[in-house]
Amino acid sequence: QVQLVESGGGLVQAGGSLRLSCAASGRTFSNNVMGWFRQAPGKEREFVARINLSGSFTSYADSVKGRFTISRDNAKNTVYLQMNSLEPEDTAVYLCAGSRSRFDLTWSYWGQGTQVTVSS
């Protein structure tokens, strides 16, 4: 089992920045692909970004490409999401997720989420 706890959300003006953190505990963190998702009120949960075990490969949703950066520190069991040039459309609950294992990329572990609100 992997337990995930997000932090760093808040209220920010359009054009501003926030850095989200996701602290993992339990199983060996470095065995899990990690990702960020978001869910706005009345909308489906959507993929934001993911990062491989070593941090050498990342992928992003088109809507955040060039503005958001995912990274991880395996020594600290933490994954980050740096969000720049925020837009009101980025307002959502942001959730951290972990894969079942290094071989099974099913998103099996989820945090409770942290609220990000971007005002215009």
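**Sheet, disulfide and core**

Gln3 stands opposite Ser25 in β3. This is a predicted model, in which local features need pLDDT of at least 70, side-chain atom pairs count only at pLDDT 80 or more, and totals for chains, interfaces and linings use all residues. Residues are numbered from 1 along each chain as its sequence is written, and side-chain values use heavy atoms, with hydrogens and water left out.

Start with the pairing of β1 and β3. These strands run antiparallel and are joined by 6 bridges. Strands here are DSSP runs (E, at least two residues), numbered from the N terminus. Two strands pair if DSSP finds at least two bridges between them. In general, strands of a sheet pair through backbone hydrogen bonds, either parallel or antiparallel.

The side chains of β1 alternate. Val2, Leu4 and Glu6 point to one face and are buried. Buried means under 20% relative accessible area, exposed over 50%, and partly exposed in between (1.4 Å probe, protein chains only).

Now widen the view. β1 and β3 belong to an open sheet of 4 strands, ordered β1-β3-β8-β7, with antiparallel pairing. Its edge strands are β1 (2-7) and β7 (68-73), each pairing on one side only. From one strand to the next, the twist averages 15°. Axes are lines fitted to C-alpha atoms, and angles run from 0 to 180 degrees between N-to-C directions. Inside this order, β3 (residues 18-26) pairs with β8 (residues 78-83) in the antiparallel sense, over 6 bridges. Leu20 has Leu81 of β8 as its bridge partner.

Which cysteines form a disulfide? Cys22 and Cys96 do, with their sulfur atoms 2.1 Å apart. The pair links distant parts of the chain: Cys22 lies in strand β3 and Cys96 in strand β9, 74 residues apart. A disulfide is a pair of cysteine sulfur atoms within 2.5 Å. By this rule the count is 1 disulfide. The torsion about the S-S bond of Cys22 and Cys96 is about -80°, so the disulfide is left-handed. Cys22 counts as buried, at 0% relative accessibility. Cys96 is buried too, with a relative accessible area of 0%.

Stay with β9 (residues 92-99), which holds Ser99. Ser99 is buried, because its relative accessible area is 0%. A polar atom of the Ser99 side chain lies 2.9 Å from the backbone oxygen of Ser101. Leaving aside neighbours within four places in sequence, Ser99 is in contact (heavy atoms within 4.5 Å) with residues including Asn31, Asp104 and Trp107.

Val12 takes us to strand β2 (residues 10-13). Val12 is buried, with a relative accessible area of 13%. Not counting residues up to four places away in sequence, Val12 touches Ser17, Leu18, Leu86, Thr117, Val118 and Ser119. The C-alpha atoms of Val12 and Tyr94 are separated by 14 Å, and the two residues are 82 apart along the chain.

Finally, the core. A nonpolar core is a set of buried Ala, Val, Leu, Ile, Met, Phe, Trp, Tyr and Cys residues joined through side-chain atoms within 4.5 Å. The largest has 29 residues, of which Trp36, Val79, Leu81, Met83 and Tyr94 touch the most other members. Elements giving two or more residues to this core include β4 (34-39), β5 (46-51) and β11 (114-119). β3 gives the most, with 4 residues. In soluble globular proteins, nonpolar side chains tend to be buried together.

Definitions and conventions:
Polar contact = N/O pair within 3.5 Å; in protein donor to acceptor, adjacent residues only side chain to side chain.
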